[in-house]
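Me: Can we walk through this one together? I'd like quick answers.

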Amino acid sequence: MVAEADSASQGSAMQLKQSISLLHGVCLIVGNMIGSGIFISPKGVLMYTGSFGLSLIVWAVGGIFSVFGALCYAELGTTIRKSGASYAYILEAFGGFWAFIRLWTSLLIVEPACQAVIALTFSSYLVQPFYRTCVAPYHAVRLIAAVIICILTFVNCMKVKWGAILQVISTVAKVIALIVIVITGLVKLGQGFNQNFEDSFKGSKLNPGDMALAFYSALYSYSGWDTLNFITEEIKNPERNLPLSIAISMPLVTVIYILTNIAYYVVMDFDQVLSSEAVAVTFADEVLGWGRWLIPLSVAISCYGSLNSSIIAASRLFFVGSREGHLPNVLCMIHIKRYTPIPALLFNGAMSLLYLSVPDVFQLINYFSFNYWLFIGLSIASQIYLRFKAPDLHRPVKLSLFFPIVYCLCSVFLVVVPLYSDTINSLVGIAVALSGAPVYYLCFHLPPSSRPAFLRKILSSLSLYTQKLCMCCMASPDIDLDNLDPEKMD
């Protein structure tokens, strides 16, 4: 059974609508970048830098580094006008194998581990206000995180219609929380509370290993600048609006992050930040009095929306991969009535629950950061490669090679240095990536007639039982899940 558009109307039904304006683009980037990271990463950055002064430099450099990456993506996004961001660029430049490994690592570690971090942040901020004088119970935090992952997976499987309203509420909540934090911090600073900035570089950790891990935490907060590149085909006038959206949103987010960290450091000393399980809650307890409930509530709502967005984005990435034949059929199925990718959502949810067993949230960030920056760097390298392989390719936005070269060198630093300073987590990332090689060879490189018979039988049985249990069918590879017309579905 295959869900396809009526052939007579396929041209109009299957085209992605260009509906994203400049304002929408800026809001999408800012809304996706400002998520759980700024409420959890300050502790990680300070832990690995050892001082307030150096941590602020890391936040500033992380913003500049992200601007470089976003500018490179502006060229790639207007040159290769396909949705899928790094996956699409790696596929275009380096072929199916490396694109599959990128998809494989996203499937097994990057997306679910990132969602686990967001769920744990949500849970910590929800629980911590009830344990003001001690650390919240470990199992309670994990249990609530598991519950929210299960609820949102179920919501996306059921195609509940209030997803857009949820995103608006989430964006408003995170903006309110940051405005309150920044204004309160600046008022305190104006009142002369600057003692924490005296000798602000004392105790700085300058070894490359700690610096790389500090950047992992900071850049986790900046992740999301490639949001528009996942939906390039839906942007109005992308040659103008894509780079302009990046140029407006990136400096804005960088300034907000630096001001937020300054506010944290004005109110809390070094030990308070490192001992806090929820930095913004500790901040609120110190200065907001009866209004302290506003911060954890706002952060929890923000994380709820961010987790929902991440789950949706993961399912879209799986479909882009399926369009290129890089995923098993079982992950490319949709419900026959709700048109939701239930098997992909269930698999993603199960993997996210698995990562909740990792005891340290910063260890989780290090797990997926290795693979994330490896393939972001590879996608930027595709920009350099295509300059020489296809010099005549139409490039509405064309940067100096200085930007991608600097970005690639920095990405090498982020990938290589943790091999020495955080060997175990890095080896986990390498193992996940390498595990995709035999899968690619057996399942996609070999012609169907040469693939092991037992493998074909297993996949066939899995596909059949999934169709029966989830009431799913194979979807047309070019189907657009966000603009389905049920009347035109067979």
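**Contacts first**

Reply: Setting aside neighbours within four places in sequence, Val58 is in contact (heavy atoms within 4.5 Å) with Val45, Thr49, Met211, Ala214, Phe215 and Ala218. This is a predicted model, where local features need pLDDT of at least 70, side-chain atom pairs count only at pLDDT 80 or more, and totals for chains, interfaces and linings use all residues. Residues are numbered from 1 along each chain as its sequence is written, and side-chain values use heavy atoms, with hydrogens and water left out.

Me: Where is Val58 found?

Reply: Val58 is in helix H4, residues 52-79. Helices here are DSSP runs of H or I with at least four residues, strands are E runs of at least two, and both are numbered from the N terminus.

Me: Is Val58 buried or exposed?

Reply: Buried, with a relative accessible area of 1%. Buried means under 20%, exposed over 50%, partly exposed in between, using a 1.4 Å probe and protein chains only.

Me: What separation do the C-alpha atoms of Val58 and Ser217 have?

Reply: They are separated by 9.8 Å, and the two residues are 159 residues apart along the chain.

Me: New topic. Where does His326 lie?

Reply: His326 lies in the loop between helix H13 (294-323) and strand S2 (333-335). His326 counts as buried, at 6% relative accessibility.

Me: Which side chain does a polar contact join to that of His326?

Reply: That of Tyr87, at 2.8 Å. A polar contact is a pair of N or O atoms within 3.5 Å; within protein, one must be able to donate a hydrogen and the other to accept it, and residues adjacent in sequence count only if both atoms are side-chain atoms. Beyond four places in sequence, the contacts of His326 include Leu91, Phe100, Tyr440 and Phe444.

Me: How many disulfides?

Reply: The structure holds 0 disulfides, a disulfide being a pair of cysteine sulfur atoms within 2.5 Å. Cys150 is partly exposed, at 43% relative accessible area. Cys443 is buried, at 18%.

Me: Which residues other than glycine have a positive phi?

Reply: Asp199 is one of them, with phi near 50°. Asp199 sits in the loop between H8 and helix H9 (208-222) and counts as exposed, at 59% relative accessibility. Met471 also has a positive phi, about 50°. Met471 lies in the loop between helix H19 (453-470) and strand S3 (472-475) and is partly exposed, at 41%.

Me: Why flag that?

Reply: Because most residues other than glycine have a negative phi.
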